[in-house]
Amino acid sequence: MLTKRKDRASGSSGFKAGMILLLGTLLLLTMVFPNTARAATSVYTISAFTNTSESNMYIYESYNATHYGLLKGPAYTPPADLIRDPSIMKHTDGLYYVVYTTNWSGNTIGIASSPDKVNWTFVRNITLSTPTTIAHTWAPEWFKDSSGSLHVIVSLSPGNYENFKPYVITASGSNLTSTSWSAPTELAGIAPIISTHLS
């Protein structure tokens, strides 16, 4: 009976030693290859401005789309004007791009790029022009369609913060730094927003 207890004790010690060795190996691999676990996990990103600063963009990340932590803030400040309604995605060139509203009034949208969502560089402002007056240019969102073309959908208002209608512009090239964009084309079938201005 005593012999069996000793055997069990030595077996338990071997199991514990094996587990410690396994955990130590996993810890070592995590330290040597820290991005392996992250690479296999989806990362959700939110870009935002704050109530106290419409000229700074903050970047938040989450691994479960429920709890977000600040990655960097402010992460980007444009050379002039505001950064509202930031829309960020990763392009096929490996860079992250954000398009954003540059001001409460006017006819421009801004673009910035980043290799890591932490360090951002101003790319350019795009000036939009239509046969009718553009008083407000808000909430741009960029996307790449199945043909590879790059587009930005943006809401335009003729004035008084009313009658916003969605328009699309298309880049002449395959990147957002394109120096040539099409004239805005109104999207059909979507009713104008009567008023979005908050006092």
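**View 1. Polar contact between the side chains of His-151 and Thr-170.** In this predicted model, the two side chains approach to 2.8 Å, a polar contact being a pair of N or O atoms within 3.5 Å in which, within protein, one must be able to donate a hydrogen and the other to accept it, and residues adjacent in sequence count only if both atoms are side-chain atoms. His-151 lies in strand E9, residues 150-157; helices (H or I, at least four residues) and strands (E, at least two) are DSSP runs numbered from the N terminus. With a relative accessible area of 11%, His-151 is buried (under 20%; exposed is over 50% and partly exposed in between, with a 1.4 Å probe and protein chains only). Beyond four places in sequence, the contacts of His-151 include Trp-142, Phe-143 and Ile-169 (contact: heavy atoms within 4.5 Å).

**View 2. The hairpin of strands E8 and E9.** Strand E8 (residues 136-144) pairs with E9 in the antiparallel sense over seven bridges; pairing requires at least two DSSP bridges between the strands. Glu-141 stands opposite Ile-153 in E9. Five residues separate the two strands, and Gly-148 in the turn has a positive phi of about 95°.

**View 3. The largest nonpolar core, with 17 residues.** Such a core is a set of buried Ala, Val, Leu, Ile, Met, Phe, Trp, Tyr and Cys residues joined through side-chain atoms within 4.5 Å. Leu-128 and Trp-181 have the most contacts inside this core. Two or more residues each come from strands E5 (96-101), E6, E9 and E10 (162-170), and E9 gives the largest share, four residues. Among the residues in contact with Trp-181, leaving aside neighbours within four places in sequence, are Ile-111, Leu-150 and Val-152.

**View 4. The open antiparallel sheet E1-E2-E3.** Strands E1 (44-48) and E3 (69-76) stand at the edges with a single partner strand each, so one side of each lacks a neighbour in the sheet. Four bridges join E2 (residues 57-62) to E3, and Met-57 stands opposite Tyr-76 in E3.

View 5. The pLDDT is the predictor's confidence in each residue, from 0 to 100. Confidence is highest in strand E6 (residues 108-114), at 95, and lowest in helix H2 (residues 36-39), at a mean of 44. Over residues 32-40 the pLDDT is below 50.

Residues are numbered from 1 along each chain as its sequence is written, and side-chain values use heavy atoms, with hydrogens and water left out. Local features need pLDDT of at least 70 and side-chain atom pairs count only at pLDDT 80 or more, whereas totals for chains, interfaces and linings use all residues.
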